[in-house]
Structure formats: structure tokens, C-alpha cells
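This briefing is for a reader who is new to the structure. Please look over the sequence and the model before reading the points that follow.

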Amino acid sequence: MTHHLATAFVDFCVAFIALSSKNAPASRPMSLVAVSMGCWSLELFILGSVADFETLNTLFHITRWGMFLIPPSLTLLTWYLIGNKSIRFLYAVIIPGFATSVLLCILNFFVFPSELERVIDGYQPKPDAIYNAFSLLFIACLISCIALGIKRFNNATHREKQRIKWLLIVLLGTLSLGLLSMLLLRYPFYLKLVGATINMLFIGLLFYATIQHHLMDIKAAMSVGLVKAAAVAVILWGYFFINSLFEQPSDATGHIVIMAVFVYLVLEIYPKYRDWALLKTKKLVSRMQYDHQTLKQNSRLMLEASFDSLAFGQVLHYIFSENMNLSSYYSFSVNSENNTLIQENFVESKEFIKDSMFNENMIGLCRRRSGFTSVDECEGYTRESLEKNDILGFISINYQDRLLMVILLGRPLDEDYYSYDDLVLFEWLSAELGPTIVKISKIDEVHNDLNDAKKTLSLLDLMNHYHHDIKAPLSIIDGVISNNVYDNDKQNAVVLEQVSRIQKLITTMASVFQGHRSRKEQPVVLTDLLIECITVFDGQIDSVDYDINEIPKIWGDKEDLKILFINLIKNAIEAAAVPGAVYIRVKSWLDVNRPCISIQDNGIGMSNRHVDNLFLRAYSTKPNGSGIGMQAVKRILNEHHAEVEVLSKEGAGSTFIIRFPPPYDYV
């Protein structure tokens, strides 16, 4: 009968493992089911092992309560797993089931004790009224659980159907095994074979379904159980080892001191051991590459430290690529003005296939739902588009009734679907990411306002240098008209030429001085734009040497690039060693597919310290200078992903070399 004892041991181990997971809602009902099955196995062991009939009869009726509690325990487990805490199921099935089981235990022990008959391998209870009542209770409880499962299955999504299906398989298998056990109770081989076989089949099927189909967080429970069991084993070994060092431990003062030190060390070491061992054991019993709690804690810290889109993108990469190991993911911001999805450029993945119909359908679906949505919960064109891109689900991030972002999720590289812990993490992310996105958005608005203010201040500073450029053509017109030096045709030609110059100056300056406009990127011919900006300073530059080579267009903001070149040209004019003797050399060339522009002057030059500090905030070498102009240059360079190199020597002028990225980087 040792196989019954071994079966009971397995049942109690399962109960201990399940009970170790305090966070899993179904852990206690699962533990109660396993304990009940274990007590039933002990009952069978006692029937085949205890020789004294009186002792046997007493132990049999004490352990028989385990069999009586199996049906209501299963209803409680089903209620926790898929019943959504239905009050109707609680009062109609669970409470009456436990009340009936307790009543049968009391009646069987005190009023109608079962009669035991001798069989080949021991004793076996005769079927009686109590057993028949238990059989009806068993059938009623299992049929109620199956009915609840079918009802939930019909209304569940695909991700829930997988779990409910396996629970239904367990319940149907349990019902079949229970009916078989009731039929075979009348045969003498029941005690030898049937009880243990049915028990192991039931526990094995329930355990497999629990682990493989995420009916509860049993993997975490197993890891906790293993860690605690190992700790108990080490502590017991240490205790007996210390005792073995002393012949009379009760009289030895040294034994008391050593035991006190031992207890102190256990209390100090155990928390550190538990935290370390849990991470290791979870990886042994689970497919997951990450620890759920650790990932949430680290992600929260990273989100708190995220103040721009780049840092936010690194958080998503840490979660979805480094830990969850997803094949792909796509992050889309929501443009509330025209209801479109804008793919974020910090996501390193292929371009997602989408169109206006997908935009409209997806945004409408995300506004109706919050949290995680599986692809099979979508319909029509949206579902077709997601499946075409191998997307299993998406997270809708809403904050204060406003849809902020949609994150599309590919499949895990090592699984066909997400685990229970994955789904819990997705729901957590849907609530956690919203405040961070709002924070980053507000910071971006502040930065944009600040950049606009800097741009405006920079342009206002430039205006002081442009008034005489407009006055100069007017003075020429006034001189030509006031003095009869030229004939009428010549006067008209000069006036028209100066008017054209004034018109060009005003047009250029008007476009440059628009400080509060939105960025508009387009293909830009750098050489043409640079020559146009030099024209603004015709009256202040004595000579311009052009070394222009053909370079490809770049993708950029034309007006910002004007500000960039005008600031550099203005600085070259102001840096002239001798007032009125300004010479500039402009060069363009292609360096390994990178368009390059250089502006060289004949000014007084700068020291190495000035070059190093040139782009620092509020730094300037000019009297009453604010450094705003070079700050604007640096901002525009950064926005265009360009690099600048400054070559300067005191007394020998300066050269600004700007290298733009290859044009295909902008496409």
C-alpha cells in the first residue's frame, strides 16, 4: 500500500507549493483540493496497512472527510479561476456544497458510520446511504462547474477560451474518473489499483493544465515552495550538526551561545537568500526570461527618469525586447486633430503596413477599450491588418479620457501566445505609461516655446544689423533722382535695380523673422540657400570667394537653415580684424556621401578656450553679447542631425565646417 502513501505525499507537496503563492487568487482553493485528495489517499493507505480493526475504523472515519470535501473544493477552485466571483454560483453551489460535505462528515462519524468489509489487500467500505449521498453531491458539483465553464467559454475571448478549455477538460476528466471510481468500489481490486491511479491522473491533469495554460500562477508558487523547502532543509541540517558537536547539549553553555549565533545568522541571511534564490528558481520552472516584480520595479524607475521621447523609447525597448523577447512592437502616438496614428521614430522596427482606414478603425477601437486587447477581439479590416503584420494584441494607453498612444505587440519568440504574467504586465503598463507620456509632452511644449523665444531673440538681435542694408538702396535711389547725372533710361534702370534689391531683402528678412512658425521640412539646395543669405549682407562684405561643388539636396527646414547661415555670416562680419575689410570664402563638397559646407572669414580668430565654449549657453566673446545666436546655430544643427567643426587661430580667422548626414538618412 506504499503507492497510496506516495500519492498522498505528492498531493501534500502540490498543496504546499500552491499555498506558497500568496498572490495567486486561486492558490488556496488549489491547495484545498490537493489536501483533500491527499487525505483520501491516506484513507486508502490506512485501509490496506493498519492491522488493528478498532484503530483502523477510527482513522478511516477521521481521514474520510478528505473525500467528502473534494467536490465543493473543486467548485471553489472553478469559481476563483473562471467564475468572476459570481454571487449566484457562490450561494447556489459552493456554500450548499460545503454545508452538505460537512453534514456528511458529521453523520458518517457520529450517526451512520460506514461498514468495512475484509478484502484481499485489507478492508474496503461498503456502499451505503452516506456514500450514495456523496456520489450525488459529487455529480451535482461537477456538472455545475462544467455548466459554469461552458457559459464562460461562450462569452470569452480567445485568450480566455484557451484557459477555460483546459479547465473544462480537467472537470470532465474528473467527472469521468469519479464515476469510474464509484462503479469500481464494489470490486476487490479497487483498493490495490483504482484509488491511486485515479488520484494521480486527476492531480497530473490539473497540474499540467495549471502550468501550461496559466489557470493560476503556479510557476511562481513552485519557485517559492522550492526556495522555502531548501531553506528548511539547510536550517535543519545546521541545527542537528550543531547538536552533534555536544554530548550534553542541555548542560553546555557553549551550545546555547552557538545556537543563539546560529539563529541570528539564519534571521540575517534568509531574506537575502530568498531574494537571490527566487530569481534563479523562477527561471528553472518557467519559460519567462524576466522576473515580473523586478521588471515592474525597474520600469517604474526608468519611467520616472524619462523626460524625452528617446528615454521613453529606451524603456519600451527594455520591456518588450530585452525582457519579454517579443519579435516586434510598434509605438504610435495619436494625433487628436485629424485622428491619425503617428509611428514613433525611436522604435527600431520595420515600417508597419497601415492606411487611413486602419487609422480610423484602430483609434475608434482603442477609445472604446482600455488596457490590453487581443487580436481576436478585433473584427474586419483591423483584425486582417494586425494578423498580416503578425500582431497578437495591442495596448491602449488612455489618460483622463484621452487616447495618447497605441502599442502594437508581436508574438514572443519562444511561444505562440502571451503568458498569464505577460497579460498582467500589459494591463499594468496601460495604466503606468499614460502619466509619463503626458509629462514628456508637456516638457516638449516647454522646450518648443523656449526654442521659439530663443529664435525670436536671436532674430531681434540681427535686426540691428539689417537696417542700413535696406537704407543703402534707398540712398542710391535718392541720389540718382536728386542729381541729373544720368539720363531718364539710365535712372529708370538704376531705380528698378535697387527696388528689386529692396524687394529681395524684405522677402528674405520677412521669412527669416517668423519666429513662431511650425517646422516645415522639405528638400533644400544648400548652396542656393547660402548664396541667398550672403546677399543680405552685400553692403557689408567686400569680397566673397565661392568654391561651390555640386552636392545633393538635404531634407530640412529651409527657414531654420537661413537662420543658421545668417548667424555664421554675421559673426564673420563682426569678427573682421579691420572694419570695412571683410573677406569670406564659401565652399561646398561631398565627403563620403555627406554634404558639407564651410564658411571661412579673415577675422581676428579665437583662442582654443573660446572655441571649446562657443556653443555653451549665454557664452559670448562680444561686448554685451548674449550667446543666443550660437545657441540657435547649435539647436538647428541638432535638429538636422548635422555636425559642426570650428577651426580658428587668433589673428588668422575662423572656419566653420558643417557636415550634414547622407540624404537617405532623412527619407
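Two strands count as paired if DSSP finds at least two bridges between them. The model described here is predicted.

**Strand β3 and its partners**

- Strand β3 spans residues 329-335 and is mostly covered, with six of its seven residues buried.
- Strand β7, residues 403-410, pairs with β3 in the antiparallel sense over five bridges. Within this pairing, Phe332 stands opposite Val406 of β7.
- Strand β4, residues 340-343, also runs antiparallel to β3, and four bridges join the two. Here Asn335 has Thr340 in β4 as its bridge partner.
- In a regular strand, side chains alternate between the two faces of the sheet.

**Strand β11 and its partners**

- Strand β11 covers residues 583-591 and pairs in the parallel sense with strand β9, residues 543-548, over six bridges. Ile548 is found opposite Ser588 in β11.
- With strand β12, residues 594-601, β11 pairs in the antiparallel sense over eight bridges. Trp589 is found opposite Cys596 in β12.
- The hairpin of β11 and β12 has two residues between the strands.

**Helix α14**

- Helix α14 is made up of residues 380-388, and its buried residues are Thr382, Ser385 and Leu386.
- Viewed down the axis of α14, the buried residues fall within an arc of 95 degrees, so they line one face of the helix.
- An α-helix has 3.6 residues a turn, so residues three or four places apart point the same way.
- Gly380 and Lys388, on the other side of α14, are exposed.

**Cysteines**

- A disulfide is a covalent bond between the sulfur atoms of two cysteines.
- Searching the whole structure gives zero disulfides.
- Cys141 is in no disulfide, and the nearest cysteine sulfur, that of Cys145, lies 6.6 Å away. A disulfide needs two cysteine sulfur atoms within 2.5 Å.
- Is Cys141 buried or exposed? Cys141 counts as buried because its relative accessibility is 3%, and the cut-off for buried is under 20%.
- Cys378 is likewise in no disulfide; for this residue the nearest cysteine sulfur belongs to Cys366, 8.0 Å away. Cys378 has 3% relative accessibility and so counts as buried.

- Most residues other than glycine have a negative phi.
- Val592 is not a glycine, yet has a positive phi of about 50 degrees. Where is Val592 placed? Val592 lies in the loop between β11 and β12. With a relative accessible area of 69%, Val592 is exposed, the cut-off for exposed being over 50%.
- His641 is a residue other than glycine with a positive phi, near 55 degrees. The loop between α21 (628-639) and β13 (643-648) holds His641. His641 counts as exposed because its relative accessibility is 56%.

Note on methods: Residues numbered from 1 in each chain as written. Predicted model: local features only at pLDDT ≥ 70, side-chain atom pairs only at ≥ 80, totals over all residues. Heavy atoms only, no water. Buried < 20%, exposed > 50% of the residue type's maximum accessible area, 1.4 Å probe, protein only. Arc of directions from axis to C-beta.
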